Amino acid sequence: MRNIAAKIMYDGSKYHGWQVQKTETTIAGTLEDALSKLCGHTVKINGCGRTDAGVHAENYCANFKISSRIPADRLPLAINALLPPDIALQKAMDVPPEFDANLSSIKKEYTYRIYNSRIRNPFYCDRAFFYPGRLDIESMKRAANHFVGTHDFAAVRSVGSVTKTTVRTVHWYEVEEKGSLTELKVCANGFLYNMARAMAGTLIYVSEGKIAPDDLPELLTQKDRRLTGPTLPPGGLYLTRIWYEGKVSEMFV
């Protein structure tokens, strides 16, 4: 069996997240159905993370094992013919048997997009969080700096998943205005359940004056989810970058 790594893009609006479910349509389930049909045998796919229902990915990595002799560089065209238009394989390559899209990843970057305007834009429906009020960008940047480093992020983690530790290392958190879009980019060695969306909600609270920018360190220390901002809707969240060592990294440059 060959181990294949693939770069995938998807619009998650119509799906119940990445992970296969018995009664719901998911990204992984849709890919497995198409791959199994193409290869003529059951294919199980392993993703780099469990994106929630409604979350999108511009750069997602998955690996799967197949017996088909189709060259890896031809797999995207072959499989995309069997996929709905909101999911697409961009690239694929043969990788060593031990490669695991999740366990082999070094760090990931999520981007939360806010459409900041008095009037909503229908083309950003389920693709950005509509926020008609004024954003205090400088206060948000100041607060975001406190997320950087190795901390216990229990204060921005929703209940719903089991993990050995809530300590993570955030490499950067950038707040950038691009016209009416404001992008919140956070890169970390791993993310807790709803962590990126809760961090974005906390910065909204900072902008609204409900949390002072320099209160973030103390709030993280208290590990109390009730003291930080809301978990923003999934439609504004995108997996935008992922890092690996070796040849797989070439697909994500």
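**Ser-158 and the chain around it**

Ser-158 lies in the loop that runs between strand E7 (149-152) and strand E8 (167-178), in what is a predicted model. Although this residue sits in a loop, Ser-158 counts as buried, because its relative accessible area is 12% and the cut-off for buried is under 20%.

The surroundings of Ser-158 can be described through its contacts. Leaving aside residues up to four places away in sequence, Ser-158 touches Tyr-193, Asn-194, Arg-225 and Thr-231. With one of these residues, Asn-194, there is also a polar contact, which joins the side chain of Ser-158 to the side chain of Asn-194 at 3.1 Å.

The protein chain contains five helices and 10 strands, and 52% of its 253 residues count as buried, Ser-158 being one of the buried residues. Among contacts between residues at least 6 apart in sequence, 71% join residues that are at least 24 apart.

The overall dimensions can be set against a simple rule: a compact globule of 253 residues would have a radius of gyration near 18 Å, and the protein chain has 19 Å, so the value agrees with that expectation. Taken along the principal axes, the C-alpha atoms fill a box of roughly 60 × 40 × 35 Å.

Methods. Residues are numbered from 1 along each chain as its sequence is written. This is a predicted model: local features need pLDDT of at least 70, side-chain atom pairs count only at pLDDT 80 or more; totals for chains, interfaces and linings use all residues. Side-chain values use heavy atoms; hydrogens and water are left out. Helices (H or I, at least four residues) and strands (E, at least two) are DSSP runs, numbered from the N terminus. Buried means under 20% relative accessible area, exposed over 50%, partly exposed in between (1.4 Å probe, protein chains only). A polar contact is a pair of N or O atoms within 3.5 Å; within protein, one must be able to donate a hydrogen and the other to accept it, and residues adjacent in sequence count only if both atoms are side-chain atoms. Contact means heavy atoms within 4.5 Å. The radius of gyration is taken over C-alpha atoms; the globule rule is 2.2 Å times the number of residues to the power 0.38.
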